[in-house]
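Please keep the sequence and the three-dimensional view at hand while reading.

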Amino acid sequence: MENALYEQARFRICGDGALLVEYGEGVDRRVNEKVRAMALLIDQRRPAGVTHVVPAYRSLAVFYEPLAVASEELQERLQRLEADLEKADISPPKTVEIPVRYGGDAGPDLETVAAHHGLTAEEVVRIHSAEAYHIYAIGFAPGFCYLGGLDPRLHTPRLETPRTRVPAGSVGIAEAQTGVYPSDSPGGWQLIGRTPLKLFNPSRNPPILYGAGDRIRFIPISASEYDRIAAQEAS
């Protein structure tokens, strides 16, 4: 990985037990890939005192025990890790396939999205499921992933009035983003489908099927296939 492609890391102290390490500005795929690589490298080599790391779009939150390591010393260790990044053995991102039943009661806004763009519902499904989406970050709720790469032909405004309850597994579009609700929650995204998979299951190891930096590909399925997978998940 070419460190020259990125800005030099900037460190910000967050209270007495965390460092925010910034690697760039804005939404940049290259910066996000470096964030992922650094998060994995820190997990591999785990500097003394570090408890865990949380990757985001362009930064890492590194949590540590202040009695075990001073922030200045931790910064130096992180800089040394960054210098070794090109030689580090970082596992490649994986692609996770998520089956989706599009339209009907599973995707009540599919026809609205299609009409907004002068497309048919079938064309929306084809475009939405054509490419794999890069996971920039996971947040908002356990398992909720912020995806990049939505085709501009599907960029659609949010609902004027958000729903008070969006069912778990719902696949939606909001402006230039698409994503999946891992649990029941309020939301204002245009819902075009639903997956029968439990994207967040605290009794499963790992509880989330993907991580920041991985890719998601949506696979259209029939209503009968949805019911079959849902029954498997329930059991």
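This is a predicted model: local features need pLDDT of at least 70, side-chain atom pairs count only at pLDDT 80 or more; totals for chains, interfaces and linings use all residues.

The largest pocket has a volume of about 350 Å³. The points below begin with the pocket and then turn to the chain, its sheet, the helices and one glutamine.

**The largest pocket**
- The lining of the largest pocket consists of Arg36, Ala39, Leu40, Asp43, Arg46, His52, Val53, Val54, Pro55, Ile138, Gly211 and Ala212.
- Helix H1 and strand E3 (50-55) each contribute at least two residues to this lining.
- Sorted by class, the lining residues are 7 nonpolar, 2 polar and 3 charged.

**The chain as a whole**
- The chain contains 5 helices and 13 strands.
- Along the principal axes, its C-alpha atoms fill a box of roughly 55 × 40 × 35 Å.
- Of the 235 residues in the chain, 47% are buried.

- An open sheet is formed by 7 strands, and their order is E7-E6-E13-E5-E12-E9-E10, with mixed pairing.
- Strand E7 (145-148) and strand E10 (177-180) are the edge strands, each pairing on one side only.
- From one strand to the next, the twist averages 40°.
- Strand E5 (residues 95-102) and strand E13 (residues 215-220) run parallel and are joined by 6 bridges.
- Valine 100 has proline 220, in E13, as its bridge partner.

**Helices on the sheet**
- Helix H1 (residues 29-45) packs on the sheet, where it touches strand E6 (133-138) and E13.
- The direction of H1 makes about 60° with that of E6.
- Helix H3 (residues 110-117) also packs on the sheet, touching E5, strand E9 (170-174) and strand E12 (190-194).
- The direction of H3 makes about 125° with that of E12.

**Glutamine 177**
- Glutamine 177 and glycine 148 are separated by 29 residues in sequence, while their C-alpha atoms are 6.5 Å apart in space.
- Leaving aside residues up to four places away in sequence, glutamine 177 touches Tyr57, Tyr146, Leu147, Leu150, Gly172 and Trp189.

Key
Residues are numbered from 1 along each chain as its sequence is written. Side-chain values use heavy atoms; hydrogens and water are left out. Two strands pair if DSSP finds at least two bridges between them. Helices (H or I, at least four residues) and strands (E, at least two) are DSSP runs, numbered from the N terminus. Axes are lines fitted to C-alpha atoms, for helices over the stretch in contact, and angles run from 0 to 180 degrees between N-to-C directions. Contact means heavy atoms within 4.5 Å. On a 1 Å grid over the protein atoms alone, a cavity is a set of points where a 1.4 Å probe fits but cannot get out, and a pocket is an open set with protein on both sides within 12 Å along at least five of seven lines; lining residues have an atom within 4 Å of a point. Grid points are joined across faces, edges and corners, and a volume is the space filled by probe spheres set on the points. Ala, Val, Leu, Ile, Met, Phe, Trp, Tyr, Cys and Pro count as nonpolar, Asp, Glu, Lys and Arg as charged, and the others, Gly among them, as polar. Buried means under 20% relative accessible area, exposed over 50%, partly exposed in between (1.4 Å probe, protein chains only).
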